Amino acid sequence: MVRRVLVPVLALLSVLALQLILVSASLGLAKSTDDLAVDNTWLQIAKVLSFSNPDVFALEAQALRSSAAANWDSQNIAQPYLEQSLAAWQQAISLRPQWPYYQLAALDVEVLMNADTDAIQQRFQQIITLAPNERGMDKALLELALFSWPKLLQSQKDWVITRLKIVPRGTLEMLYRSAKTVGREQLLCTLLPWSKVKSLCLT
């Protein structure tokens, strides 16, 4: 009797294990391609094989964002890609809600979409609440904060300024260059201690 029960259970577990292996392999092959596209064969295979796998949704979201960037000169093409990318990130977030990097990627897409103030504020707050001390996000999060500066709450701006004061020199230099592309480099020059930004702001 026990054996009759165990055999189908073990068979099911074997199938599930094989499915996970195949999805993982497909994702690895998709990531290894030079130009990740929405119609990537391995990504499509992973989507078919997976059962609500957040990693699959995340990779699909990245592919959709790449397609939007590749078509940036045609907003009627790029915008739908961004909307689909955000939807895919939302699916990944719903399956792994405590993972701040999915939220960070969703914020990136929302900034590109020029999302409204409430959406930007809500997303930013979710990120700094989930991972207030996650230094690995500093470059991307602070860059997006500078790009979205007028839309942030004052409390969020204060958080950004505090963080900017402690980032390594290399990160600050990168953020200054990024801010300069959107005409916001003076934010760094006026909000941070002069001793920290003098060499940047006088160039």
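The legends below describe close-up views of one predicted model.

Residues are numbered from 1 along each chain as its sequence is written, and side-chain values use heavy atoms, with hydrogens and water left out. Because the model is predicted, local features need pLDDT of at least 70 and side-chain atom pairs count only at pLDDT 80 or more, whereas totals for chains, interfaces and linings use all residues.

**View 1. The chain as a whole, with 11 helices and 0 strands.** Helices (H or I, at least four residues) and strands (E, at least two) are DSSP runs, numbered from the N terminus, and read along the sequence they give the pattern α-α-α-α-α-α-α-α-α-α-α. Of the 203 residues, 41% count as buried, where buried means under 20% relative accessible area, exposed over 50% and partly exposed in between, with a 1.4 Å probe and protein chains only. Contact means heavy atoms within 4.5 Å, and among contacts between residues at least 6 apart in sequence, 61% join residues at least 24 apart.

View 2. Glu110 is buried, with a relative accessible area of 6%, and its side chain is joined to that of Arg123 by a polar contact of 3.0 Å. A polar contact is a pair of N or O atoms within 3.5 Å; within protein, one must be able to donate a hydrogen and the other to accept it, and residues adjacent in sequence count only if both atoms are side-chain atoms. Leaving aside neighbours within four places in sequence, the residues in contact with Glu110 are Leu86, Ala115, Ala119, Ile120 and Arg123.

**View 3. Aromatic pairs, of which the structure holds 3.** The rings of Trp89 and Tyr102 have centres 5.6 Å apart and planes at 45°, so this pair is tilted. Since Trp89 lies in helix 4 (residues 75-95) and Tyr102 in helix 5, the pair ties together parts that are 13 residues apart in sequence. Trp89 is buried, with a relative accessible area of 6%, and Tyr102 counts as buried at 6% relative accessibility. The rings of Phe124 and Trp159 have centres 6.0 Å apart and planes at 85°, so that pair is edge-to-face. This second pair links distant parts of the chain, 35 residues apart, with Phe124 in helix 6 (residues 117-130) and Trp159 in helix 8 (residues 154-164); both Phe124 and Trp159 are buried. For these assignments, rings of Phe, Tyr and Trp (its six-membered ring) pair if their centres lie within 6.5 Å, and planes under 30 degrees apart count as stacked, over 60 as edge-to-face and the rest as tilted.

**View 4. The nonpolar core around Phe124, with the contacts of that residue.** A nonpolar core is a set of buried Ala, Val, Leu, Ile, Met, Phe, Trp, Tyr and Cys residues joined through side-chain atoms within 4.5 Å. The largest has 34 residues, and those with the most contacts inside it are Leu107, Phe124, Leu141 and Val160. Two or more residues come to this core from each of helix 5, helix 6, helix 7 (138-147), helix 8, helix 9 (169-181), helix 10 and helix 11. Apart from this core lies another, of 16 residues, among them Ala61, Ala68, Tyr102 and Ala105. Neighbours within four places in sequence aside, Phe124 is in contact with Leu107, Leu141, Ala145, Leu152, Gln156, Trp159 and Val160.

**View 5. The disulfide between Cys189 and Cys201.** The structure holds 1 disulfide (a pair of cysteine sulfur atoms within 2.5 Å), and the S to S distance between Cys189 and Cys201 is 1.9 Å. The torsion about the S-S bond is about -105°, so the disulfide is left-handed. Cys189 lies in helix 10 (residues 185-191) and Cys201 in helix 11 (residues 194-201), so the pair ties together parts that are 12 residues apart in sequence. Cys189 counts as buried at 10% relative accessibility, as does Cys201 at 15%.

**View 6. The buried residues of helix 11, namely Val197, Leu200 and Cys201.** These residues cover an arc of only 85° around the axis, which puts them on the same side of helix 11; the arc is that of the directions from the helix axis to the C-beta atoms. The buried residues of helix 11 pack against helix 9 and helix 10.

**View 7. Asn114 in the loop between helix 5 and helix 6.** Asn114 has a positive phi of about 55° although it is not a glycine, and Asn114 is exposed, with a relative accessible area of 59%. Most residues other than glycine have a negative phi.
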